[in-house]
Amino acid sequence: MMGIWSLITGKAGPSGFGSASTAEHVTYGIDASNLTAIITGGASGIGLETARMMCLRKAHVIIAVRNMDSAKEAKQLILKENQCARVDIMKLDLCSVKSVTSFVDNFIALHLPLNILINNAGVMFCPFLLSEDGIEMQFATNHLGHFHLTNLLLDKMKQTAKATGIEGRIINLSSIAHTYTYEDGIQFDAINDKIGYSDKKAYGQSKLANILHANELSRRLKKEGVNITANSVHPGVIMTPLMRHSSLQMNFLKMFTFYIWKNVPQGAATTCYVALHPSLKGVTGKYFLDCNEFQPSAFARDKILGSKLWDFSNKLIKSLSKP
């Protein structure tokens, strides 16, 4: 298992890559011209770098975001560097079940294949807020929206994998913060409770849910015999717009932990590695840190908790989808 020394030095792990590797480095020589990918939150931070790099490797990238002005700027930035880039932008608000459903309807109407789904978007350390559907904002955006999005896109991904013979890949962006959550891991009976709310633990809970979701999805896809993998990743500690609710605190922390912070190209490396690298063919239900497999927390490895979260999320989506 990789330790703090590898993190500090950037020493490569068994994959040949480490914390110092960049997205460009880990995807060098890969031709993704036959792949179509959706990246949520692909207009800024590591999402934008992921989109930029996948376009550089010739994939067709759909950036799915809430802020279309930011999306337009991101698209122009990518095209300015790479005139041949195939990049499109679409509206998606993950904290709204209605918006997720509308996005999928609009995507399906394009009659495009779908090989890769990168569930990258997220919010972090927000004060207590409820989404328009009445769900705590971090759980709604980071987990529930992506859970719904993935379920609605699964048939398209299965069709693409079957028609092309190319393995589909689903990547959930989690965080090492999944280890810092509520006492029971997931507060099923108190998801929306303001009393006892902790912005840090709520974030950790949502990131734990990302791993549990990927692992349970992986088990179900394997049982079904579908040629699609599902994995989760920790991108690293990076100062991005995601930290807008705690930038002063994070800047202070960064002064004392400068040796573990990554730049954005390094932060996007693990996502790009898991999405594109041929060495990961058939690898599923794993958690990656610094482009290497890493053992997540006991909660994250709990199959019963993962199954319970799956059923809980399904019931919640159904209740929110009623007219």
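## Pockets, sheet and helices

Let us begin with an open space: the second largest pocket is lined by 14 residues, and those nearest its centre are Leu 35, Ile 166, Glu 167, Arg 169 and Leu 276. The model is predicted, so local features need pLDDT of at least 70 and side-chain atom pairs pLDDT 80 or more, while totals for chains, interfaces and linings use all residues. Residues are numbered from 1 along each chain as its sequence is written, and side-chain values use heavy atoms, leaving out hydrogens and water.

Rolling a probe the size of a water molecule over the atoms shows where empty space is left. On a 1 Å grid over the protein atoms alone, a cavity is a set of points where a 1.4 Å probe fits but cannot get out; a pocket is an open set with protein on both sides within 12 Å along at least five of seven lines, and lining residues have an atom within 4 Å of a point. Grid points are joined across faces, edges and corners, and a volume is the space filled by probe spheres set on the points.

| Space | Volume | Lining by class |
|---|---|---|
| Largest cavity | about 60 Å³ | nine nonpolar, four polar, one charged |
| Second largest pocket | about 250 Å³ | eight nonpolar, two polar, four charged |

Here Ala, Val, Leu, Ile, Met, Phe, Trp, Tyr, Cys and Pro count as nonpolar, Asp, Glu, Lys and Arg as charged, and the others, Gly among them, as polar.

The whole structure has one cavity of 30 Å³ or more. Among the 14 residues lining the largest cavity, Leu 94, Val 97, Asp 133, Leu 144 and Gly 145 lie nearest its centre. Helix α6 gives the largest share of this lining, four residues.

Now for the sheet. Helices (H or I, at least four residues) and strands (E, at least two) are DSSP runs, numbered from the N terminus. Eight strands form an open, mixed sheet in the order β3-β2-β1-β4-β5-β6-β7-β8. β3 (86-91) and β8 (292-293) stand at the edges with a single partner strand each, so one side of each has no neighbour in the sheet. Strands pair if DSSP finds at least two bridges between them; β6 (residues 228-234) and β7 (residues 287-289) pair in the parallel sense over three bridges. Ser 232 has Tyr 287 of β7 as its bridge partner.

Finally, two helices meet. The axes (lines fitted to C-alpha atoms over the stretch in contact, with angles from 0 to 180 degrees between N-to-C directions) of α7 (residues 199-224) and α11 (residues 303-321) come within 9 Å and cross at roughly 95 degrees. These helices are therefore roughly perpendicular (65 to 115 degrees, whereas under 35 is roughly parallel, over 145 roughly antiparallel and the rest oblique).
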